[in-house]
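Here is my note on the model, point by point. Please read it with the structure open.

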Amino acid sequence: MRTKCSCGKVFKAKIKRIMLDKDIQDIYFECPRCMKKYHIAFTDSEIREHNIKMQKLKERLLEDRTDMKLFAELQEMMRHHKQIMDELNDTESRCTSWH
Ligand SMILES: [Zn+2]
């Protein structure tokens with residue numbers, strides 16, 4: 001994605017990930033000119049595990065779109081995923097440079 005930094009530099013954001021501690025991972029990108037850091041989201045092992053499971057479910061659904069049980073499972077997983085993402089990211093307070 002192309003983005004514009006507050007310093008005026010337009011650049012293609014390169015997503016970076018860094019472990020903040022043994023579980024929490026910070027996803028961000030930074031401006032190549034002024035090195036300002038733009039926070040995107042935090043993830044933890046539960047969220048990452050979730051991502052993998054959701055990906056697998058989606059792949060199975062692509063093979064068989066008529067499997068309503070799988071579909072329901074995926075929807076439930078996505079709902080739960082959003083919930084844990086919201087909890088971890090606690091939006092407003094930490095995302096000061098992200099809009
Ligand atoms: Zn900048």
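1. Strands E4 (residues 25–30) and E5 (residues 37–43) run antiparallel and are joined by 6 bridges. Strands, E, are DSSP runs of at least two residues, numbered from the N terminus. Two strands pair if DSSP finds at least two bridges between them. Tyr-28 has His-39 in E5 as its bridge partner. The two strands form a hairpin with 6 residues between them, and Met-35 in the turn has a positive phi of about 65°.

2. This is a predicted model: local features need pLDDT of at least 70, side-chain atom pairs count only at pLDDT 80 or more, and totals for chains, interfaces and linings use all residues. Residues are numbered from 1 along each chain as its sequence is written.

3. E4 also pairs with strand E3 (residues 16–19), antiparallel, over 4 bridges. Met-19 stands opposite Gln-25 in E4. E3 and E4 form a hairpin too, with 5 residues between them.

4. Helix H1 (residues 45–63) has 19 residues. From first C-alpha to last it reaches 28 Å, close to the 27 Å expected at 1.5 Å a residue (1.5 Å times one less than the number of residues). Helices are DSSP runs of H or I, at least four residues.

5. How many residues of H1 are buried? The count is 0 among its 19 residues, and H1 is hardly covered. Buried means 20 or more other C-beta atoms within 10 Å of the residue's own, with C-beta atoms placed from the backbone.

6. The protein is divided into domain 1 (1–43) and domain 2 (44–90), with bounds from an automatic or database domain assignment. Their centres, taken over C-alpha atoms, are 25 Å apart.

Conventions:
Buried ≥ 20, exposed ≤ 12 C-beta atoms within 10 Å, placed from the backbone.
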